[in-house]
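Dear colleague,

Please find it below, followed by an account of what was found in it.

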Amino acid sequence: MNRREFLNASVGAAWLPQWARAAGAPSPLLKGKAEHVISIWLGGGMGQIDTFDPKRRGDPLKKIAGSYYDSIPTAVSGVQICEHLKRTAPLMDRVTAVRSVFHDVIDEHAAATNRMHTGRSVSGSVAYPSLGSVVAHERRALQDGVPPYVLIGYPNVTRGPGFLGSRAGYLYLTDTRHGPAGLSRPEGMGADRQARRDALLADLRGQGAEVNDARLRDYEAAIDQSIRLSGPDFTRSFRLNEEKATLRESYGGEFGQRCLLARRLVESGVRFIEVSHNLNFINGTGWDVHNGGIKEQHGLIADLDQALAALITDLEAKRLLDRTLIVITSEFGRPPEFDSGGGRGHQGRAFTCVLAGGGLRHRGAFGETDELSKKIVHDPVSVPDLFATIHAAVGVDYTKNLYDGDRPVPITDGGRPISVLFG
Amino acid sequence: MCALVSPNVVTAAPVARWDFGEEDVSRVVPVGAVQRDAVGPRPPEFPDFEINNTAAQFAGVGAHFALADTGTGSVLDFTNGDAITLEAWVKVEDWRANDTLYVIGKGRTGAAGFIADNQNWALRLRAIGGQFSLNFLFATTRDATASKKDAHWHRWTSARGFGPNTGWHHVAVTYRFGEPGSIRGWVDGKLQPGSWDMGGATTAAPVVDDDAVWIGSSMKGSASASFRGAMDGVALHRDIVSDAELKTRYRRVGGPVLANAAPAAPVVMPALGVLPVGRVLATFYEGMPAHDRWLLATEKLPAENARWMGTEFLLPRLPQRFDEWGIRASWQAPVLARLAADVALPAGTHRVVLRARGLTRLWANGAVVATTRAQKSDSGGHDPITRIAAPPLPGLRSVIFGIEEVFGEVVVPASGPVRFVVESLVGGKRYRPEPGELTVAVQTPDGRSYAVLQAGGAASGEPVALTDAAVTAALSRAEASLGALDDATRRVGGATQTSFWEDRHEAARQWSQRQPRLVVPAGPAHPIDAFLAAKVAGAERAAAQTPLAEAQKFHEEVLPILREACFRCHGEKEKGGLKLNTRAAALAGGESKRPAIVPGQAAASELVARIKHPDEEERMPPTGDALTPAQIAVLAAWINAGAEWPAPPLPPEIITPAPVLGDAAFLRRVYFDTVGVPPAERDVRSFLADRSPDKRERVIDRLLADERWADHWVSYWQDVLAENPSMLKPSLNNTGPFRWYLYDALRDGKPMDQLVTELILLRGSEREGGSAGFGMAADNDAPFAAKGHVIATAFLGIELQCARCHDSPYHSTKQRDLYALAAFFARKPVTVPNSSVVPAAFFEKKARESLIKVTLPPREAVAPIWPFASLTGVTDDASLDGLLRQPQDKRERLAALVTAPANTRFAQVIVNRVWKRLFGAGIVEPAHDWEGRDVSHPELLAWLAREFVVNNYDLRRLARLLLTSQSYQRAATGRNLSAPAAQRFFAAPEPRRLTAEQVVDSLFAVAGQPIDVEEITLDGEARRPADSFISLGVPRRAWMFASLSNERDRPSLNLPRAQLVVDVLEAFGWSGSRQSPRTDRESEANVLQPGVLANSVVSLWVTRAAVGSELAELAVNAASPEALAESLFLRFYGRWPSRAERLAVVRTLTPGFAERVLPSNEVRPVPRWPALPAVSWSNHLVAEANSIKLELEQRARAGPPADPRLRPAWRESLEDAAWGLINTREFVWLP
């Protein structure tokens, strides 16, 4: 039984592959040196054939399958990417486009989003944690008083902590003009007025009898901590106007600013940051480029390109690139064929996820698909393998179990890291 | 009925035939919205059929019956040389041009593991040229070099067929594979000419594999391939059925109706006789034939299902539909809604406006004066953004999104009553039956306005102008009236069950009389107080026998190690026959016969040997880290000292009753514990002023009779029962919104045994609020096992989570037990899905005996055999039959097994849950998992359970018993939750933080603002059916929220205001996504809790002295800063302030107090946001939809407009005071 058949046979039996595989020769545990993850989510499903796994040009009008755009060479010989990724192309030696990711969820965004965040199919009995929550749970924040996991995007169940509980959950914000919900002062709340409020609150809190129940004391301590966190130290990370104007501009629009914010959060000690690229007002559909949604797809790609290139360059300049793994994922990829409106459907059996920085031995690309990026021909990488690679890069033991109460749950569904990226 | 016979038997009988009668179709599996009791062809029209012949109804979008192939060479496989006949009776009810509707086909299901285009054979109907042609299709192996990409498809289409809306037809094709000339097609017994196209005629063999046969759909359930309508007599033959036979298949009185012969029924205003004066009579008729046309002359108006008396021609929604037991059901759409009244109008010409969502016509005095068009399906998100319509006249209400507006004229020759009738088709097979705002209005005589049409006569109400304010008010009056109608209808349905449950409860009382009597100990007057005092007295006697220090040493140092390391397996369970949780058991040893403990000789004790064992395979405990040397030393020293096991020490603080709460604190606590919100200022004042001795009992009784009791309890059961609805396409273990069933049942005070029974029976609507919604578990491979898990934890205290895949390692429950419950639900034996099987490889690599075991052989069908007789006391035998309506129904048996009086576990589990909710800790902990747990007060629990049973399983009576005890009314200084059962005395209840729902409800309550958020839906236009999109309405209380997550990350799908409230709920431990049942939420304090109270937008909303808020009104009318401060404390904390507190707030409120109210000539009008175009699912993929939502997010952040009467500087001080009051611990913790 080859690897893919094996995975297909075991769909749903969450812990099966690891147990079965463990019979083989144990391989040494891989451990990278990254300390942070910036995970970029391209909601809708990035078409690999139009971005990081380009093929011959197609024609949406004549319904000839193929790429929508021309491709260009990159810093890595033999690796080509889409022409709208021109800023990233010279940096591809810091990047590995994993071109052979696959899963078996196709038509349903919710199910595929679940798969790409938890690495599992839906279970009737276990609410699995997201990748970000697992990393937050395993490695915590680098600094006290800083959340381990921040989401810049909409709150979703599949981004949540599942059975790990709220300590492994995210703090979220939906855009860079506002700080995280619950920790940033409301708009227009001046320092003077806040000081008056704090004084009144201190007065009111001072009146009660002393408490000796730990639960009440814990809540009082949480109030104190919340006042501290809402204060200048942590919320300073969210003040992008402290950055040089030229640097801010180099990152581009709102998505770029989110990436810049992610870098600032890395500096403040946040372990895992998910950044959503959901600038749907560019083309309406976001990356879900059915029908006419594809017409402005190049705008999305260019937006991603600018921010990604700026982030890599900026992290490198701050000597953070080796410590910060950048991951780009989405629900699935898209087929080379065009739909009746000239757009594209969904393709889960072969698509691309991107890794950059994080101290990995990058090679521009890993894995290979056929001439139209429909089928994997070399080095398939399952979603658990991709997750194991990320875990290994950030120093999480990808073979260990987590516990849902008493129940052991392997940290990935038997994933093995892409070993050539290590060492 | 279905019959499958061997292919080599030559017979005229078909290999398979489906008549969709009442008998079980054992081998064909219904998938999606199919039902088998639709009306089939019947006499007199079709004399060959039985009088009550039934057919199958297909709702489309993937609804089908599936028949699995049995493998290579099955009777379902056809290849060259094989003859095939396919035939069926069909009645197409809904289609779009160019649809190809599958009658039956093999292959091309889209199932994994098969090549694409694997159509072995198929019979379809193609909607082309305004008629349905016969269509036979198969595929041959694809040749990659072929020039045409569809060269492998071979399709024969008849030139003619039958027309739309022509009733039942018989269709058939016969063919011999490999002989393209052999094709023959039949419609209604007439041979039809036709031709091959696509890849054309072929002699090549069709694709054959083991893909399934589907009836009614194909291609993964593609909408345009899915049959919408009814089918009967579907048959598959392995021979050519003769011409003679096929000619006689169709017999209709009056001959075939091939073209659309039936004309539309004449457009005549319905004769309704005398109408009620001053009322608009609304009547409703479900099961109309189509959403886009009126009745044909041959069709009859369905029977009336409901009627409602309104005051205006304004219909916000349909009345709720209930099944015969009063449980929410679904309307069978399309529904005809008819509004009629006689309206007094002066002579002359009147302009009227009609606003409606679907096909609608308005009559006045017999003439049609306005019509709107039928609802249309959307483009899947790409519809254009619709600009806000200009109102008919300036200042009036614009038509809302998704509603059509048309104008007409009514000529009234002479003053007097004019009869108006409006008929509107609401919903359809692909639309939810939600009318939006069906409105008829007439221009006022001065020509400057419109007024909503009202019935004439003395009883008519105030005129309702077509303005936002007046219409909104009229809509809420209509909503209240419809709500009252719903309650009445539901209670009539519920009353049909009353005598059954009275009998059951009488039987329960008789059962209880046969049980040993339970005696309340002497002591305090209230039985609960007496039971608790008795335990204290007994414990004091036992503790007196050991010096305190010695007892403390054992219980604080030794026992915790044993409990942590050993009791999971040797205590709660009995691994190796060994228990270690009492001294006697430890000395006796287990199966090995070696005593675990030899007092005075640690070295000879097996326990010490095993915890020190160097071999990991032998060492105990078997999982996790080994004990530390220090822990081992403690145990060894204890054994060497004689291994004494003294009774627990009794520090005075755990047995001394805490003081009884003062009146204010009691009132606040009892409000939260019954109605979930704090008392209003006036309630506090009057309660504190009341001097009567029984005022606590009276307030308890008043609150228990308050319907908000249901609001308070729904959220608890939502968690425990894993209610997990989704606004859109169910996935991630979603259920239906059975919150509505729970809410109705709690409001109606249904006894708990009835509630649980109706829940288990899965009645009513799955996606629109019936208990059937509990049965759903989307994307779950064993939904009934999931439900078995839920009911076992919820009602029996049995945790079966592990049993999904294997026997429970730390419990005695087996995998078989869980699937037995599933089998009761399924009403037949079930097998464990492959995805829940532990692979053999797991066990092979384990050297030590695995903690987990699988005693259920894979693929064994598990029968519905009650697994919990010994745990619960109830056995599944004939003695149960008296409790059942249908003793043979396994699902009903399960309900009775759970709720029978003999099941003493059920009553005790419910009692313990209520106790835990009111005292903060259970008599048994945890409340959902009792196995191996000690009961802190077994006699009390048994007595309470008995009281519960003999008092009709009435939750409120149970709550009353608890609330009236002194023990409940004591200060919250308890430490029971963390104490072992023996040390739990309930000398005081636990300190409790408000639940998330209580926090949110309190915030809005103290502000005196309604929760003002969007309707919880992504399809406000009702353009999608309930199986994919639902509306959960506009939340009024916190429990009505749901997960807003849609995993799509599109700004256009955000509900900005609702999301802000959900943020607060989630910070306090609520989750709208309840994938598993949950009794105890996370209770640890975290920084986001005070964070959202201090900084969130909701905090900004509720602390603002907003227009129309009670807070603003209070401020405007306050007599002095002192009086205002007192009011604030009464409002926010339900008590008077202390002197220092009053001073702190007065200091804030005093500057500018005298001038706080602006002179009326300085009051500026409240600014209003300009309206924005609506965003719904239909247009959410348009770029602008995202910008609109971002703008709405911004507006939500800005908060409500402030009351313009208050001077801003002073108002801010008031808001600071309100902010301070919600940010203390006191605001979110119960007294």
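The lining of the largest cavity in this predicted model consists of six nonpolar, eight polar and four charged residues. The space inside the largest cavity amounts to about 170 Å³. Its lining comprises 18 residues, and those closest to the centre of the cavity are S726(B), S731(B), L732(B), N734(B) and S1045(B). Altogether, eleven cavities of 30 Å³ or more were counted.

I turn next to the packing of helices in chain B. Helix α13 of chain B spans residues 708-720, and its axis comes within 9 Å of that of α14(B), the two crossing at roughly 140°. On the side of α13(B), the residues in contact are W709(B), A710(B), D711(B), W713(B), V714(B), W717(B) and Q718(B), while α14(B) contributes R739(B), L742(B), Y743(B), L746(B) and R747(B). Sorted by class, this contact contains eight nonpolar, one polar and three charged residues.

Helix α14 of chain B (residues 739-747) also packs against helix α15 of chain B (residues 752-760), at an angle of about 155° and with the axes 11 Å apart. The pair α14(B) and α15(B) is therefore roughly antiparallel. The crossing of α14(B) and α15(B) is right-handed. Here Y741(B), L742(B), A745(B) and L746(B) of α14(B) meet Q754(B), L755(B), E758(B) and L759(B) of α15(B). The contact between α14(B) and α15(B) is made up of six nonpolar residues, one polar and one charged.

Some features of the backbone also deserve mention. Most residues other than glycine have a negative phi, and most peptide bonds are trans. Where in chain B are the cis peptide bonds that join P43(B) to P44(B) and A333(B) to P334(B)? P44(B) is placed in the loop between β3 (34-39) and β4 (54-59) of chain B, and the bond that joins P43(B) to it has an omega of about 5°. P334(B) is found in the loop between β19 (314-315) and β20 (335-345) of chain B, and the bond from A333(B) to P334(B) has omega near 0°. M219(B), which is not a glycine, has a positive phi of about 50°. The loop that holds M219(B) runs between β15 (213-215) and β16 (228-237) of chain B.

With kind regards

Key
Residues numbered from 1 in each chain as written. Chains lettered and ligands numbered in written order. Predicted model: local features only at pLDDT ≥ 70, side-chain atom pairs only at ≥ 80, totals over all residues. Heavy atoms only, no water. 1 Å grid on protein atoms, 1.4 Å probe; cavity = no way out; pocket = protein on both sides within 12 Å on 5 of 7 lines; lining within 4 Å. Points joined across faces, edges and corners; volume = space filled by probe spheres on them. Nonpolar A, V, L, I, M, F, W, Y, C, P; charged D, E, K, R; others polar. Axes fitted to C-alpha atoms, helices over the stretch in contact; angles between N-to-C directions. Helix = DSSP H or I, 4+ residues; strand = E, 2+ residues; numbered from the N terminus. Parallel < 35°, antiparallel > 145°, perpendicular 65-115°, else oblique. Left-handed = near helix turned anticlockwise from the far one by under 90°. Contact = heavy atoms within 4.5 Å.
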